[in-house]
Structure formats: C-alpha cells, structure tokens
Amino acid sequence: MAVGVALLTGVTSLMPESVYSSAWWSCLWIIVLGVLVYSLFRSRLVRNIPVFLLHLSFALMISGGFLTAYTSHRGTLHLTPGILTSGYVDAAGKSHDFPASVSLISFSPEYYQGMSVPKDFRSEVAVESGDTMHISMNHIGRLGNYRFYQTSFDNVGGTILTVSHDPYGIATVYSGFLLFAVAGAWMICRRFGRKGNHAAFAMAVMLTCATAEAGAVPAISASMADSLSLRQVMYNGRAVPFNTVATRLTFKLTGRGEVAGLSPEAFTASLMMYRDEWCAVPFIKIKSDALRSALGISGKYASVNSLYRDGVYLPGEIYQGGNGRLDRDIVSLDEKMALLIDLWKGELFKPLPDYSPEVRSDMAVRLEVSYNRLMPPRVLFICSIILSISAIIAAVSRRRIILWPLILTAAFAGGIFFVWHWYVAGSFPLASTGDMMEFLGLCALVIASYAGYRKYPELLIALVLLCASFLLLVAWISAKDPVMSPVMPVLASPWLSIHVSLVMVAYAILGFTLPCSILALTLSKYRRQLTALSLSLLGPGTWLLGMGIITGAMWANVSWGRYWAWDPKETWALVTLMLYAIPLHRSTGLRYHPKAVSIYLILIFSSIIMTYYGVNYLPSIHAYK
C-alpha cells in the first residue's frame, strides 16, 4: 500500500490542481491516516517510544492538513494609506471581520545598497487598538488568529497582503513537525551508541561538515590592474573587492578566466575605458550553434557590433516569445548584454570611499581575492578524479592501497574551502546550483573517506569518488557561468541555508545507496555487507530529508502563508521520503533479502532524479530551467 500511495502521489503532480481538492484524494489520505493510527496501537509500536512518536508525528501532520483544508480560510487584502479596513473577503467570496480595524501607515521597498533592485518589501500597518504591525516578505504580521503576509503592492503607495486564518491546522501540523524532529534525533542518537553503526557515524560527520582568442585588444598596464584588484566596491548590496566583480563578469561574458592575456581586472577596466574599441572585438561567448547560425556569426565569440544591423538588435528580431531552446539561448545572451550595458552606464557596481562604513577589513578582502583566484571547485575536482583513478587501479589490480588518509585530507580541505567561501560570501553558500553541487561533492568525499576507513571494496570507493568528481565538475562549470543578479526578496531568508543544506545532505546519503546496491548485485562476496550499509544509511537519510521538507514548509508558511501547496517539487520530495522509508519497515520483508533490497534501491533512485531535475519540466515554483 505504501508504494502505491507514494507512486499515486507522484503521478498527481502531473495532474490539474483540482485533484488535491477532490473527494477521492481526501478519501485516500483518510485511509492512510486510518491505517497509520490502527498500526500504532495494533503493532505494539508503543513499546518502542521513539518509533511510536515518529509515526504519531505523521498522524498529526496528516490531521493538521485536514484541519487546514476544512477549517481555515484565506484571501487578499488591499490596503491604502489612511483608510480603515475591518475585514476581507476570502477566495470563496465570504466576508470575515478582524478583531480590530487596520489601516496602512506606509509601504516602502528596501533596495540593495547602491542598486535599484528591491531586497524586501515592508508594510507598516496600524491597528485600531493602538498597536502597529510590521510586515515584510519574511516576517508575518499577526492580529489575533489572523496572519498577514506581504504579497505585492500597487503603484500609488498601497500594499497587497495575503490574510490567513488557520488557528487549528498550523498548530497541529507544527506539533507533528516538532515530534518528527525529536523522535528522529532520538532514534539516531540511540543507534549512535551502538558500536560500529555506520549510519550514525555518517550522520554525525555530515552534520559536522554541515576557444578562440580575441585579436588585438585595448589593454591597460599590469600595475594599474593590480592596484584595482583590492579596491572595494558595492556590488549586489555587498562590499566586495573589484576582483570579485571582474572575475565573475569575465567568466560570464567570455567563459574564460582571462582574455587575450588580460587578467579579469585588466579586462574589466579596459572594457570601461575603451568601450568603442571593445565593441568591435569578438569576446562574448555564444554556446549555441543554432543561435550563432541564426545570427550569422562564425566562431564561438561575437562582438557587440555583430549583434546589431542598421541599429536593430538582431537577437530581438528572432525571439519567439519565450518558447523553445533558441529563445532560452537568446535570453542568456541578453543577460550578458545587460551586464555590459550596466557596466558602461556605471550601474553594475559603485566604488566605495575609504571612509564608508561598509568597507571591510584588509584581511577579509585579501581572503576573498585569494579564494577567487584559487577556484576551489577546480582544485577539488582534480584531487577527486586522481583519487578515483587510483581506486579503480587498486580494484582492477586487486591490490589494497590505503587511500582513505588522502581522501580524508581532500575532504578536510573541501571543508576548509567551504568555510572560506562562507566567510567571504557573508552568508551560507547554498543559493546557486554551483554552490549546491560543491556541497554535495564535499559530502561525497566525506562518505568516500569513511568507506575507505571501514575498508569497503575499492570499486565502491571509486564509484563514490567518481560521483564526487562529477558534482565538483558541475560546480566548476557553474563557477565559470556565475549568477550575477541579486536574489529575490523571498530568498533573502535564513530558512534558505537551513532547508537546502538538510535536503542536499539527505540526497547525498540516500544517493550513496545507489553505488552500494550496484556493487551488492555484482560482488556477491560483499553483498550482505554492502546491503547492511545501505540499510543503515536509510534511517538518517530519510530523517534528514523529512527535516528538509519540514523546514521548507515552515519557510513557505512564513513567506506565503501556506505550509503545503502540492507543488511538484514538494510532492516528489514526499514521494522520495515514502519510497526510501519502505525498506525500514520489517513488515515489508525487504530488509531480509539483500538482492531484492538492492534492486529496489536502484529503482527508486529515479525518484531523487525526478525530485531534483525532472520537476524542472513541470509547472512549479521550484522549476529552474
């Protein structure tokens, strides 16, 4: 039944939203809740307190969902300055009165310093009782059991808020969240006390880690470029050395770390000083063969002049409205052109005077410049690929080579690089695809070092290292095409790093069961040992994934006023959790059949692929194409 419910839940992500409000969908979850409650008391789970509490948490979450669906209401409230409002109309057209009237004092966007890009939206609302509510994208306003969320605004100083009244559902669901966190941690800590438990060790380690050349180009002197490197500028609302902006811009425009022998600082400064000369130089990289053909450009690089004909911007002429691969390539090219225009207009960054309060210490600036020049993903990729080749040679030659100290050293260096990145970025570095791939690669290196320490087969270690190499290669490639726009206001939240790091570590642990299962099927000598390792990883992996889903739900509730929306990303994360939890239940019998559980773990790895990548092709707010 569990597999059927999981797969049906996943299939519904391909159906209309009306599915989730249908009677048959509610009946399905009532059956699930009934079976869950029945099993709690008939299977003697009450004798195992943490396991009982863990299952009880799911009953509370499902019950809270029903309470939210059938007892709550929500709607939109439009406030304008000075006008008292005593209630609102919900989505069904029914009126609801507040405990006290409210009026808007002021609405104001908060911008990234030195930019016109909004960082947050803030509403100050007066309550008839004399209190004041401060509402922003990640801060809820409360009036009795009513919750106010910043949603949008108009062009005359008014604000648009989402209003939610859910006094019973949220409390019940959050009780389930808390119980899940406590019970899961209790179970893992209890296992940690057992000698030789692989899952607890892995869990503890994870949580501790938490080309054509341009021709003759206008250049500037090396001494001038060097003097610019450490100069501080305001970029995307943060004080950074000029080297950071120059390095990202150079990679973004050209896909390379230098242009015609010019360092990033020299290239960027030359672009600023010799605009007309650079317009004739082909330095803008266009990856798409189809786009180059459509524009009539030979070679991989285009000049600014080649993108215009008689004053007409050629990419705009062939743009078809956003459909198809060619349009996505045009949007990518437009982003590069927009960066160039911002640079030439003096809006890409703002120089910081020495007396500015935002100026950082000299040591912090030098550390950031050193990090930019070292490019840690590249270093880690080279190390991991060398180590994986060594492990393959050891497996083929059947000679045991003690690799784990070297792998542990690489993992330790990766941890230092990650903390270094965290320090120079000023926030937990998990906001971009490259950052996430680097973090997952680090997790894989930690797992590989542990596998080497426990003397697992060299072929298994090689597979994990190859996975780490692939992830770090993606991180390296992503670093060569950086995201240069500031994050949306809703992403400027501490929930981002908590939610993403938990989910990424969970995927790393659960994904490690794939190579274990493949080798368990091919190496019968190690089948039981590898299957036992896979099963021991499922506990912390599913718990971390559950915590990732929970923190994501709490973040959504703070930002949008709803903790669950059956978004395809949410739905498939739930499917993945359910599928990986099935072998943990003795009643399924899977855990007693090493070959069967290995085949099962190989098959359900597709749910992780669907959750992380496949949902990008579904209508989802989490789709990153």
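## Helix 19 and helix 21

A crossing of two helices is left-handed if the near helix is turned anticlockwise from the far one by less than a right angle, and right-handed if clockwise. In this predicted model, helix 19 and helix 21 make a left-handed crossing. Helix 19 covers residues 527-560 and helix 21 covers residues 594-612; their axes come within 10 Å and cross at roughly 50 degrees. Helix 19 and helix 21 are therefore oblique to each other.

On the helix 19 side, the contact involves Arg527, Arg528, Thr531, Ser534, Leu535 and Leu538, which meet Pro594, Lys595, Val597, Ser598 and Leu601 in helix 21. By class, 5 nonpolar, 3 polar and 3 charged residues make up the contact of helix 19 with helix 21.

Ala581 belongs to helix 20 (residues 568-581). With a relative accessibility of 18%, Ala581 falls under the 20% limit and so counts as buried.

In soluble globular proteins, nonpolar side chains tend to be buried together. Here the largest nonpolar core has 95 residues, and those that touch the most other members are Leu460, Leu465, Met504, Phe512 and Leu545. Helix 18 (residues 495-522) contributes the largest share of this core, 15 residues.

Not counting residues up to four places away in sequence, Phe512 touches Ile447, Leu460, Val464, Leu533 and Leu537. Another core lies apart from the largest one; it has 37 residues, including Cys279, Ile286, Ala302 and Leu343.

## Positive phi values

Asp310 is not a glycine, yet its phi is positive, about 55 degrees. Asp310 sits in the loop between strand 13 (308-309) and strand 14 (312-313). Its relative accessible area is 78%, over the 50% limit, so Asp310 is exposed.

Met375, also a residue other than glycine, has a positive phi near 55 degrees. The loop that holds Met375 runs between helix 13 (362-374) and helix 14 (376-397). Met375 has a relative accessible area of 10% and is therefore buried.

## Ser136

Ser136 lies in strand 5 (residues 132-136). At 6% relative accessible area, Ser136 is buried. Leaving aside neighbours within four places in sequence, the contacts of Ser136 are Asp120, Phe121, Arg122 and Gln150.

Note on methods:
Residues numbered from 1 in each chain as written. Predicted model: local features only at pLDDT ≥ 70, side-chain atom pairs only at ≥ 80, totals over all residues. Heavy atoms only, no water. Helix = DSSP H or I, 4+ residues; strand = E, 2+ residues; numbered from the N terminus. Buried < 20%, exposed > 50% of the residue type's maximum accessible area, 1.4 Å probe, protein only. Contact = heavy atoms within 4.5 Å. Axes fitted to C-alpha atoms, helices over the stretch in contact; angles between N-to-C directions. Parallel < 35°, antiparallel > 145°, perpendicular 65-115°, else oblique. Nonpolar A, V, L, I, M, F, W, Y, C, P; charged D, E, K, R; others polar. Core = buried A, V, L, I, M, F, W, Y, C linked by side-chain atoms within 4.5 Å.
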